[in-house]
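Hi there,

Here is the structure I promised to pass on. Have a look at it first, and then read on for what turned up.

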Amino acid sequence: MTWLLALIALFLPWLTGAALLYAAAALTLPRTAVHTPGEIGWRLGAGAFLGYWLVTCLMRLYALAGIPFGLIVIALPLLLITALALFIGWRRAPLQNLKENCPLCPLPKLTRYFFFALLAWLALRFGLLFFEVATRPLFPWEASIQWASKTHVYFGLKTLAPFGDSAAWLSGNLSGNLNSHVYLDNAPNLPITLPLLQAWMCVAIGEWNDVLMNLPWWGMLLALTLAVYGFMRNQRIGPFASLIAAWLVASLPLLNTHVALAGLPDLPLAGTFTLAALSLVRWAHSRQWFDLSCALLFALIAAMLWPAAYLWLALLLPALVCILLPKSTRILALALPAITVVGLLALTQFGASLSPALTNLRFDTDPDTWLSNFITRENWHFLWLAALATLAIGFRESLHTKIAPLSLIVWGSMLVCVVAVAFPGLFSWLFNVIQAERFLITATPLLSIWIVSVWHRRFRAEP
């Protein structure tokens, strides 16, 4: 029974989010655009992130209304929303011409074998990851001390509760009167979206379970893989090349680690930022309000996950300028690194006036730091070397109208990763202590998509 409830808690919000995207597409898009190749995969993938966020919004609403968290009071509205959304979507745009969405139809016989082999590889990977996340308890120190502490309280009380700083309390510097209604942990100001998602899993199961409450992290990686495949197909890229892009994202080593040892915000942020960026690229091609609304929605969800999200969301602005003013693409491509270098030089000279922490801001020249983050850590070296080769050989293709917005976002993300390694003191000042490799996690899904897109454009593969 526990497993059945856990699977319901995992997939019901997912289905709700996908149904809402289906209904929204049916209401706003032309009927011919609702079921184009890739749209089903895109909606299934993006719907998971939307559904998980909606659950936390519903729990916030119940907390304000004084209604205790419970399986029925949360699941019933989700079921009703799902049924209504599916009804609206089916009435407005019923499933038609499914043969066009079949990925095997345009593939030669030999390519089909490779397609099935890669699909089997992905199935095996996700099966092993599911076993990991379903059998291992919450392990990372930060996830246990800063995030799961809130989850345990929300589950126990069946509502929200205020948190205070445990370190400040121990030192006697906690402002106000501490009473029984204030709980303590190491990071009381962190967003509560992910703790609420974990609390939903425990509420649905009916017991505190620090293993099964992390199943949404597995679901997020699977959803991101589906969304990437759907996006690539929507961009008129062939099924096999699209599956390669999805496989690259699903194979990223630290994303897999964050599935097996779940509870941290890195994977959810990487997924929502990627979806926001891809929705913006979709809008550049379609000019439909639906895609722009999705970009804004996923940017909002990302902002509610982790304070570091605002840095990544700022990287969407150059792409927006590129979409609205296409002739500015080359200027922006040159301006991004130039502005970054000038800003860093200014901080090294005048940073002390902003904060004492920036007094000794310096460039980290330790080769071991660069090698461990970009070359020797697990298999990152394949991705970064592929990115450098793509930039060198396909720079012209990367500035093509269809790829330029994605290129600007990816180049901005790469700059963030390089600066995080080169100036660790700057990022410690902005976001407390965050290791540089955590910025790499957020950037790498888009980097994989960009590499496949540029090479596809260079060889002009047929969809």
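Let me start with Thr193, which touches Trp53, Thr56, Arg60, Met304 and Leu305, leaving aside residues up to four places away in sequence (contact means heavy atoms within 4.5 Å). This is a predicted model, so to speak of local features we need pLDDT of at least 70, side-chain atom pairs count only at pLDDT 80 or more, and totals for chains, interfaces and linings use all residues. Residues are numbered from 1 along each chain as its sequence is written, and side-chain values use heavy atoms, with hydrogens and water left out.

Back to Thr193: its place is in helix H9 (residues 193–205) (helices are DSSP runs of H or I with at least four residues, numbered from the N terminus). Thr193 has a relative accessible area of 4% and is therefore buried (under 20% relative accessible area, with a 1.4 Å probe and protein chains only). Its side chain reaches the backbone oxygen of Met304 at 2.8 Å.

Next, helix H14 (residues 289–303): its 15 residues reach 21 Å from first C-alpha to last, close to the 21 Å expected at 1.5 Å a residue (1.5 Å times one less than the number of residues). Buried residues in H14 include Phe290, Leu292, Phe298 and Ile301. Among the elements covering the buried residues of H14 are helix H1 (2–28) and helix H3 (39–65).

Finally, Ala262 lies in the loop between helix H12 (253–260) and helix H13 (266–286). Ala262 counts as buried because its relative accessibility is 3%.

Happy browsing!

Key: Helices (H or I, at least four residues) and strands (E, at least two) are DSSP runs, numbered from the N terminus. Buried means under 20% relative accessible area, exposed over 50%, partly exposed in between (1.4 Å probe, protein chains only). A polar contact is a pair of N or O atoms within 3.5 Å; within protein, one must be able to donate a hydrogen and the other to accept it, and residues adjacent in sequence count only if both atoms are side-chain atoms.
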